[in-house]
Amino acid sequence: MNNPKPILSFIALFFCFGMIVAQEPKTIPQVEELLQKMTLDEKIGQLNLLTPGGGIATGSVVSKNVETKIKAGQVGGLFGISGPEKMKKAQDLAIKNSHLKIPLLFGSDVIHGYKTTFPIPLGLSCSWDMKLIETLARIAATEATADGINWNFSPMMDIARDPRWGRIAEGAGEDPYLGSAIARAMIKGYQGDNLADPKTMLACVKHLALYGASEAGRDYNSVDMGKVKMFNQYLPPYHAAVDAGVASAMTSFNDIDGIPASGNKWLITDLLRERWGFQGFVVSDYTSVNEMIAHGLGDLQAVSALAVKAGLDMDMVGEGFLTTLKKSVQEGKVSEGEITQACRRILEAKYKLGLFEDPYRYINTKRPATDILNETHRKTAREAAARSFVLLKNHNAALPIQKNAKIALIGPLANNKNNMLGTWAPTGNPQLSVPVLEGFKNVAPNAIITYAKGANISDNPELAKKVNVFGPRIEIDERSSETLLKEALEAAQKSDVIIAVVGEATEMSGEAASRTDISIPDSQKKLIRALVETGKPLVLVLMSGRPLTIPEEFALPVSILQVWHPGVEAGNAIADVVFGDYNPSGKLTATWPRNVGQIPIYHSMKHTGRPTESVEFQKFKSNYLDVPNSPLLPFGYGLSYTTFEYSDLEIDKKEIGQGESVVVNVTLKNTGDFDGEEVVQLYLRDVVRSITPPQKTLKGFKKVFLKSGETKTIPLILNPDDLKFYNNQLEFVSEPGEFEVFVGGSSTTEMKQGFTLK
Ligand code: BGC
């Protein structure tokens, strides 16, 4: 009798072996050859990333003696400089003077556009438009590489559920499913299909990991999170970036389970490289290796050794690697092999960029003139901004405004170039941005517009000092607040409609810009109240880098258009929406709380053992005495000038097996008078499972355009992975049982259908 077992075990062995071989990173012969020639000092030199200053400042430490160090082969890359001339000078130092002539990497923070600044990432995520996000990343890559940059410290993929944290502005909001989709789109846009193409650059997913969960929303603070929450809610966007082939990753400032990310072996080696199969190199954040001293982990030599042994390859600015690693090798605390491995990964990145073939590949003095801030890029920036706006309220359908209206354009952000670009736009030039007043005149030349500042962004000189580090963001007027208000009220009296552009200055969010009170500053609140009293229709154009707490303003008879910080084309884009040339289609990607006491608040919260069934307070239930559990504005929320009606939600199968997909169909009708787009959202509830499920969680979306009166059937697919979660053992599984599918225009949709997984 034939015994099939030996054949089967042979096949199993073959596959097993095949898998092991497939996971082994392929070495690059040229890199290996170079490594053979390198001394220990030269290898350590490659791990050193410096910022020479005098260009773009993104931290408080500036590197010294950079030229000498480059010539001595002690620098692997630079950031914070731009322009082909400067890059050429720096590259010459490495190529013409250093022993092995290893080219430098040139990094930069191109967070939302290079010189053509797009809306802040949080705003952009509200477009839910992946094609657009990819296009913007592509443009950013074209512009940045034209200026010599070949490595971008983006995308920032930190899930943020605490709007007190200023860096919520830089990411994609609260949701891991949406965040993952955005990670894929941005990496494709930056890296393209071929890194050696001089118009693509290395992407860098950051900040690994959990940086957005800093306690109390205070920047650089500790993080304490269980693994189940980590794996299900916070890690997926970073993981998606790895799956999308991101070339590098940056560690975060915070600790994870007591070990700062830059020295965390579990994070960098076990999770990122071994579990996820990441093949690129890992860079620390700005001096985050040295900061482990303040964290309490030892002296510079100890923390540098900890970092390199954890799997960190490159040390940003701190120079702990440069100054201590050799000693650690001599003392047997670090092996030369560990340093060779880190160096190998950096050289491989340089090889993939084509820098060994041509170190000047990205340095072309002709490119900036055609590739940077050209008309096409600005046009796309304008469209992107309009698509990022979220209409929060449209009282008496005040919007859109007639193009020949008499308008009082009021507010400290109404004619203000300094605050249009938003945080983390160090390569942009605020003076090239279009303020709202100018945009109104461009789009509605027949409107009669009276402008008045009305109030300062804030009357607090202390706050002004803190946020004016990169330029005058809060300018306190010489005139008194009474005079400013009087002028605004006079303008209001002459008008048919008031448009007040209010909110945060750009540097009121971003890095080291946490706030415990996230309401509109008092000076502007007073202005808004006074404008409401005139009885004229009032539209608030609200700018901010985060969700704000606006319960008072929301209750007033006003309309509110949330525009974040819209970028270089701010004024034109706002005018396009205010005057109806573009019908707003954005939806919130982070929940807006009623007050800071509700934070953290997000759509995928758990049921608890004592859920509330009504909005009324219930004793011995999970609720508050002073406010309902619900947020002021939920995730996924946003209005349009038209209305949409959902009906006929259907699932193609009532029962499926493991590994099968389901198709969900819903009918969408544009029931209003405007053509418009809707973000159709799909949420899933896993009714019973081995760990407590969220009430519902985003698992699909599609942005669709419908003409007024038009009806379409929208198919959405739930793939087998969409039913999976990380269980208590951190295995990615789906469990048999009942699922409920919710479809609608926000996370509060009640329209649902069920199916069973066998
Ligand atoms: C930020 C990073 C940034 C780096 C370099 C740090 O302060 O946290 O996001 O990439 O500076 O500019």
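A crossing of two helices is left-handed if the near helix is turned anticlockwise from the far one by less than a right angle, and right-handed if clockwise. Helices here are DSSP runs (H or I, at least four residues), numbered from the N terminus. By that convention, the crossing of H7 and H8 is right-handed.

The model is predicted: local features need pLDDT of at least 70, side-chain atom pairs count only at pLDDT 80 or more, and totals for chains, interfaces and linings use all residues. Residues are numbered from 1 along each chain as its sequence is written, and side-chain values use heavy atoms, with hydrogens and water left out.

Two packed helices are described by the angle between their axes and the distance between the axes. Axes are lines fitted to C-alpha atoms, for helices over the stretch in contact, and angles run from 0 to 180 degrees between N-to-C directions.

Helix H7 (residues 130-146) and helix H8 (residues 176-191) cross at roughly 35°, and their axes come within 7 Å. On the H7 side the contact (heavy atoms within 4.5 Å) includes Met130, Ile133 and Glu134; on the H8 side it includes Leu178, Ala181 and Ile182. By class, this contact has 11 nonpolar, one polar and three charged residues. Ala, Val, Leu, Ile, Met, Phe, Trp, Tyr, Cys and Pro count as nonpolar, Asp, Glu, Lys and Arg as charged, and the others, Gly among them, as polar.

H7 also meets helix H17 (residues 375-388), with the axes coming within 11 Å and crossing at roughly 145°. This crossing is left-handed. From H17, the contact is made by His377, Thr380, Ala384 and Arg387. The residues of the contact of H7 with H17 divide into four nonpolar, four polar and two charged.

The contact of H18 with H23 has six nonpolar, four polar and one charged residues.

Now the ligand. An oxygen atom of the ligand lies 2.4 Å from a side-chain N or O atom of Asp109. The corresponding distance is 2.7 Å for His207 and 2.5 Å for Asp285.

Conventions
A polar contact is a pair of N or O atoms within 3.5 Å; within protein, one must be able to donate a hydrogen and the other to accept it, and residues adjacent in sequence count only if both atoms are side-chain atoms. Helices (H or I, at least four residues) and strands (E, at least two) are DSSP runs, numbered from the N terminus.
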